[in-house]
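The sequence and structure come first.

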Amino acid sequence: MTARPVLLADADAFFASVALRSRPELAAAPVAVVAHVFIASANYPARARGVRSGMLAQEALRQCPEVTLIDVPRAEIEEVGDTLFDIFHDCATAVEPGSIEEAFLDVGATDWAGAIDAGHALRRRVSSELGITISVGVGSTKLMAKLASRRAKPDGLSVIESGEEAVLRANLPMTDVWGIGATTLVRLTRIGVFRLGDVDGIPKNELQHVCGTAMARRLWRIREGTDDAVVRPVELRSSLSAEGSTAGYARPDASPTELALACVERLCKRAERAGLAGTGITLTLRPETGGKAIVLRRTLVAATTGREAWLAAAVDLLADASVPRLAGLRVTLTGLLPLDRVHDTLF
Ligand SMILES: [Mg+2]
């Protein structure tokens with residue numbers, strides 16, 4: 001192996017697991033978390049009864065009438081997601097986020113044993129600190145790590161070692177290669193490509209014609225084992241938000257200022273990691289009595305990463321407004337720019 005092993009760490013039924021931390025009595029029963037009218041996440045007992053993410057809540061109830069439906073606890077989800085990434089960053093030299101609860105990790109291990117040890121340690125830590133489980137896949141490339149993590153689920157660790165890899169690559173169903181569109185999949189089956197090994201018998205120009213030059217190249221790379229194995233810790237975006245609520249798992253009620261400051265701290269950490277500086281801050285307050293959200297905005301004179309500036313702005317905004325009792329609030333950092341560009345424009 002030329003590169004270091006890649007880990008994929010992925011929370012198991014994330015939203016449902018977070019929601020169930022404060023309702024352990026429901027853990028063995030079918031439970032699903034609902035966003036708007038759709039199932040956002042179902043725990044494993046619910047999955048066993050046919051409840052799936054993306055399904056309409058009504059359809060889930062038809063499939064499994066005894067499923068307990070819970071609203072997404074957004075603030076709690078975010079907090080757990082942020083702490084999960086804190087732990088990822090603590091355990092890895094590079095972290096490439098895939099979602100709020102999934103990331104590729106380079107743990108700096110040069111051999112399988114080291115990577116596997118790191119994976120076990122990470123799983124133990126997440127379970128004890130966050131009260132949720134993650135599964136970890138270890139492989140020579142991102143795709144192999146992803147396939148290993150699928151096999152590890154739920155609450156497990158799985159490794160695809162070199163010996164197994166060759167067989168797996170040859171037999172890999174095309175539907176398991178991410179990024180291939182439905183139309184291309186159909187076109188591939190028409191020329192007899194159902195599994196990755198089938199591309200061996202297809203002339204180069206024919207494969208390029210059927211799925212495009214870039215995808216054909218990617219398929220050959222996956223076939224020969226030289227697909228993407230680099231964990232890239234880049235995250236570019238123009239705004240970042242964090243939510244806080246006044247009630248939740250193992251947390252006493254907090255004042256609006258405390259909530260805002262906790263959100264700002266989380267956002268500063270995320271912006272710092274992503275190498276971003278911002279120019280604006282928005283506080284969106286949700287009154288306890290329901291009704292219209294109160295929006296408070298401030299633009300800073302210069303783009304900054306300094307948490308003191310953001311904390312001060314949040315405190316000022318709250319002090320200047322008449323703030324009712326809150327159910328929760330959201331803080332957004334806006335006008336985010338990569339740090340290297342900020343330095344160019346400012347100095
Ligand atoms: Mg997950």
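## Domains

In this predicted model, the domain assignment divides the protein chain into four entries: domain 1 (6-11 + 75-163), domain 2 (14-73), domain 3 (172-220) and domain 4 (240-346). Domain 1 is written as two segments, 6-11 and 75-163. Between domain 1 and domain 3, the C-alpha centres are 29 Å apart.

A separate boundary comes from the UniProt record, an unreviewed entry, where the annotation "domain: UmuC" covers residues 6-181.

## Helices H9 and H10

Helix H9 takes in residues 204-211, and helix H10 takes in residues 213-224. Their axes come within 7 Å and cross at roughly 125°. H9 and H10 are therefore oblique to each other, and their crossing is right-handed.

On the H9 side the contact involves Leu207, Gln208 and Cys211, which meet Thr213, Met215 and Ala216 of H10. Sorted by class, the residues of this contact are 4 nonpolar and 2 polar, with no charged residues.

## Helices H11 and H12

Helix H11 (residues 256-274) packs with helix H12 (residues 307-320) at an angle of about 155°, and the axes are 10 Å apart. The angle makes H11 roughly antiparallel to H12, because the cut-off for that term is over 145 degrees. The crossing of H11 and H12 is right-handed.

H11 contributes Pro256, Thr257, Ala260, Leu261, Val264, Glu265 and Cys268 to the contact. From H12 come Arg307, Trp310, Leu311, Ala314, Val315 and Leu318. The contact of H11 with H12 comprises 10 nonpolar residues, 1 polar residue and 2 charged residues.

## Backbone details

Two loop positions have backbone geometry to record. Lys153 and Pro154 are joined by a cis peptide bond, with omega about -10°. Pro154 sits in the loop between helix H6 (142-152) and strand E8 (157-159).

The other position is His36, in the loop between strand E2 (31-35) and strand E3 (38-42). Phi of His36 is near 55°, which is a positive value in a residue other than glycine.

Key:
Residues numbered from 1 in each chain as written. Predicted model: local features only at pLDDT ≥ 70, side-chain atom pairs only at ≥ 80, totals over all residues. Axes fitted to C-alpha atoms, helices over the stretch in contact; angles between N-to-C directions. Helix = DSSP H or I, 4+ residues; strand = E, 2+ residues; numbered from the N terminus. Parallel < 35°, antiparallel > 145°, perpendicular 65-115°, else oblique. Left-handed = near helix turned anticlockwise from the far one by under 90°. Contact = placed C-beta atoms within 7 Å. Nonpolar A, V, L, I, M, F, W, Y, C, P; charged D, E, K, R; others polar. UniProt positions renumbered as here; feature names shortened; annotations may be inferred. Domains from an automatic or database assignment.
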